[in-house]
Amino acid sequence: MATVPVQTLPTQQLSTQTTGPVQPGPAVQPMQNKAPEQMQAFGQTVTKAATQMGDIALKLQDQFNDTRSKELYNSYARELQGIETNFLSLKGKDASGQTYGSSVDRLEELRKEYMAQADNGIIGQLFAERSDVLITSSASQMTKHSITQGNAFELGESKSEVAINLENAARYWADYREPEGKFNTFAATAIAQANAVADKEGYPVGSFQRQEIMNNAYTTLHTNVVRNMMTDNQFILAEEYLAQKYKDGEIKQDSYSQLVSVVNT
């Protein structure tokens, strides 16, 4: 029977000698807490962003305030110019008195209406500053127009009054020799009114313009008298009357010659 050969253990012993002292590894630094720095940086960023947003918001608000005030001003200006244009088209008495007062008052009433539409106090202030010059200018133009038309109305009525009194004087030609008669009363009144017209026109005493006004008044008076005399068949008296007035210097040569020619026709 076969046998298993006896195996012998190795006689060499394992060495228990170490490889040398253990060398320490690289130094490991402890982990630093950077959270506070990061939070601070983040806070600064947020603050800067908020400041920028605030600046933008202010600029946008300023822009809105300015644009809105301009919008109100432009609308007001268009309505105001319509009121002014309508008033400046009025003539004579229509441009004075109550019409003038109500038109000027409407300018301020309209401005108050637009002021009430202002979205905030700043817009209202900007609108008020812009509209101040406009309303002052329009009121001034309307006032000047009213004064001019009022003067024209008064002047026209004064001239009409002169003409009426000259006609009234000529109606009473029969008592032209009576100093206190109706002829001389109406004639004196008309001549005084003609001088007043010259004053209103601003013509100084002795000026050509004033002399023309007075000459026209006398010529109109004497022409009316002569025509009334001729209507009553008083041709000879008409010639005598013209000769006397020419001698008194109340009628010019050309007018005198024309009237004499009419009487003798």
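Does N224, at 19% relative accessibility, count as buried or exposed? N224 counts as buried, where buried means under 20% relative accessible area, exposed means over 50%, and partly exposed lies in between (1.4 Å probe, protein chains only).

## About the model

This is a predicted model, with residues numbered from 1 along each chain as its sequence is written. Local features need pLDDT of at least 70 and side-chain atom pairs count only at pLDDT 80 or more, while totals for chains, interfaces and linings use all residues, and side-chain values use heavy atoms, with hydrogens and water left out.

## Overall fold

Let's start with the whole chain. The protein has 7 helices and 0 strands, and its pattern along the sequence reads α-α-α-α-α-α-α. Helices (H or I, at least four residues) and strands (E, at least two) are DSSP runs, numbered from the N terminus.

Of the 265 residues, 28% count as buried. Take the contacts, meaning heavy atoms within 4.5 Å, between residues at least 6 apart in sequence: 67% of them join residues at least 24 apart.

Helix α4 covers 182-201.

Which residues of α4 are buried? They are F183, A187, A190, I191, Q193, A194, V197 and A198. Viewed down the helix axis, these buried residues fall within an arc of 165°, so they line one face of α4; the arc is that of the directions from the helix axis to the C-beta atoms. As background, an α-helix has 3.6 residues a turn, so residues three or four places apart point the same way. The buried residues of α4 pack against α3, α5 and α6 (235-247). After α4 comes G202, with a positive phi near 85°.

A169 belongs to helix α3 and is buried, with a relative accessible area of 0%. Not counting residues up to four places away in sequence, A169 touches F183, F186, A187 and L221. A169 and A188 are 19 residues apart in sequence, with 8.9 Å between their C-alpha atoms.

N184, in helix α4, is 15 residues along the chain from A169, and their C-alpha atoms are separated by 6.8 Å. N184 counts as partly exposed at 22% relative accessibility. Its contacts, leaving aside neighbours within four places in sequence, are D175, Y176, E178 and P179.

Elsewhere in helix α3 sits T143, which is partly exposed, with a relative accessible area of 26%. T143 and L88 are 55 residues apart in sequence and 9.7 Å apart in space, C-alpha to C-alpha.

Helix α5 covers 208-231. At 1.5 Å a residue, its 24 residues should span 34 Å, and the end C-alpha atoms, 34 Å apart, agree with that. The buried residues of α5 are R210, M214, A217, L221, H222, T223, N224, V225, V226, M229 and M230. What covers them includes α3, α4, α6 and α7 (253-263).

Back to the residue from the opening: N224 lies in α5 and, leaving aside its neighbours within four places in sequence, is in contact with L166, E167 and A170. N233 lies in the loop between α5 and α6. N233 is exposed, with a relative accessible area of 58%, and its phi is near 60°, a positive value in a residue other than glycine.

## The largest pocket

How is the largest pocket lined? Its lining residues are K159, V162, A194, V197, E201, E212, I213, N216, A217 and T220. The elements that give two or more residues to this lining are α3 (121-171), α4 and α5, and α5 gives the most, with 5 residues. By class, the lining has 5 nonpolar, 2 polar and 3 charged residues; Ala, Val, Leu, Ile, Met, Phe, Trp, Tyr, Cys and Pro count as nonpolar, Asp, Glu, Lys and Arg as charged, and the others, Gly among them, as polar.

The pocket has a volume of about 170 Å³. On a 1 Å grid over the protein atoms alone, a pocket is an open set of points where a 1.4 Å probe fits, with protein on both sides within 12 Å along at least five of seven lines, and lining residues have an atom within 4 Å of a point. Grid points are joined across faces, edges and corners, and the volume is the space filled by probe spheres set on the points.

How values were computed: The expected span of a helix is 1.5 Å times one less than its number of residues.
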